[in-house]
Amino acid sequence: MKWQDRGGSSNVRKSGGKVAGGGILGLIIAAVLWLVFDMNPMTAYQTAQSVTASNGAEVQPVSEMDNDRDTRFVSVVLADTEAVWHQIFQEMGRTYKEPELILFSGRVQSACGSATSATGPFYCPGDQRVYLDTSFFAEMRHNLGISGDQQGSGDAENQDKAGDFAQAYVIAHEVGHHVQTLLGISQKVNEARRQLSQTQGNELSVRQELQADCFAGVWANRNQQRVQFLEEGDIEEALNAASQIGDDRLAQASGREVVPDNFTHGTSQQRVNWFVRGLESGDIGRCDTFSGAI
Ligand SMILES: [Zn+2]
């Protein structure tokens, strides 16, 4: 996948994670506890850490300083989704509202509750942000059996390229959930779920997931028309990812912790089918996963 020559989005943010607890704010609070409240310095430090950590995300714009490969990549893919979805919304006579993407390490606070790296990538409708932990790419290379971190084998650039479209696909899928939120689809699904049994509700959620896959396919089609970014093997890569990564989380606002839904994302074949349908058509009208068989 070609991405190096395109500009990035201004909507990528970094959340301090562990750093938040040990940052300047933590030190100031510790000093106050120690000097003003006469607390034992070590206890003061630990208290300050826990206070600032639970205070949640110190979300900051990404600066030039921390523009590592993964951050730049995420930023370009997010910009690609913005360009495509602005265009599609305009065609529908609507306005696309860009989501923010939060890169975090360790733990993060969202409107859907707090999450850790173990939660996996997720979209929170409550704050309209996509959350991605920084260990995600390495883990994905590992899960897909891509030898990105094998030492001394092959050249770095080729290893770096391995799996990049699969990574983009996952981001596009999460942005797909954002599109569902903007179009009011997610709200309808949530309302409908309240009237349904657990099993029926889960089936509806599977349909919602498959639509996000289809939207990711639509994005790939339209982005290809726009910037010809696909390279040989990319589609196979995404299909492989679609069939192997059933692990994203559409977070629901329910208490302190992000509660991953305990439904499947559909079978591998269903995921591949809907991605391909979006990819071949470039038309979200082909992404009605809610009526008929899936
Ligand atoms: Zn999803």
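## Overall build

The chain has 11 helices and eight strands. Helices (H or I, at least four residues) and strands (E, at least two) are DSSP runs, numbered from the N terminus. This is a predicted model: local features need pLDDT of at least 70, side-chain atom pairs count only at pLDDT 80 or more, and totals for chains, interfaces and linings use all residues. Residues are numbered from 1 along each chain as its sequence is written, and side-chain values use heavy atoms, with hydrogens and water left out.

Of the 294 residues of the chain, 47% count as buried. Buried means under 20% relative accessible area, exposed means over 50%, and partly exposed is in between (1.4 Å probe, protein chains only). The chain exposes about 14000 Å². Carbon and sulfur atoms supply 50% of that area. Accessible areas come from the Shrake-Rupley method with a 1.4 Å probe; for residues, only the protein chains shown count as cover.

Now the contacts (heavy atoms within 4.5 Å). Take those in the chain with a separation of 6 or more: residues 24 or more positions apart account for 77% of them.

## Two crossing helices

Helix H4 covers residues 69-91, and helix H9 covers residues 198-227. They pack at an angle of about 95°, with their axes 9 Å apart. That makes H4 roughly perpendicular to H9. Axes are lines fitted to C-alpha atoms, for helices over the stretch in contact, and angles run from 0 to 180 degrees between N-to-C directions. Angles under 35 degrees count as roughly parallel, over 145 as roughly antiparallel, 65 to 115 as roughly perpendicular and the rest as oblique.

On the H4 side, the contact residues include Val-77, Asp-80, Val-84 and Trp-85. On the H9 side, they include Phe-215, Trp-219 and Arg-226.

## Salt bridges

Side chains of opposite charge can pair when their charged atoms come close. A salt bridge is a side-chain nitrogen of Lys or Arg within 4 Å of a carboxyl oxygen of Asp or Glu. By this rule the count comes to nine salt bridges. One of them joins Asp-80 and Arg-226, with the closest N and O atoms 2.8 Å apart. Asp-80 lies in H4 and Arg-226 in H9, so the pair ties together parts that are 146 residues apart in sequence. Asp-80 is buried, at 2% relative accessible area, while Arg-226 is partly exposed, at 36%. Arg-6 joins Asp-80 and Arg-226 in a network of salt bridges.

Glu-100 pairs with Arg-129, and their closest N and O atoms are 2.8 Å apart. This pair links distant parts of the chain: Glu-100 is in strand E3 (residues 100-104) and Arg-129 is in strand E7 (residues 129-133), 29 residues apart. Glu-203 pairs with Arg-207 at 3.1 Å between the closest N and O atoms. These two are separated by about one helical turn, because they are four residues apart in helix H9. Glu-203 is partly exposed, at 41%; Arg-207 is buried, at 12%.

## A nonpolar surface patch

Ile-24, Leu-27, Ile-28, Val-32, Trp-34, Leu-35, Val-36 and Phe-37 form a nonpolar patch on the surface. Together they have about 870 Å² of accessible area. Patches are made of residues with over 30% relative accessible area and no salt bridge: like charges are joined within 9 Å, nonpolar side chains (Val, Leu, Ile, Met, Phe, Trp, Tyr) within 5 Å. Ile-28 sits in helix H2 (residues 24-35). It counts as partly exposed, at 49% relative accessibility.
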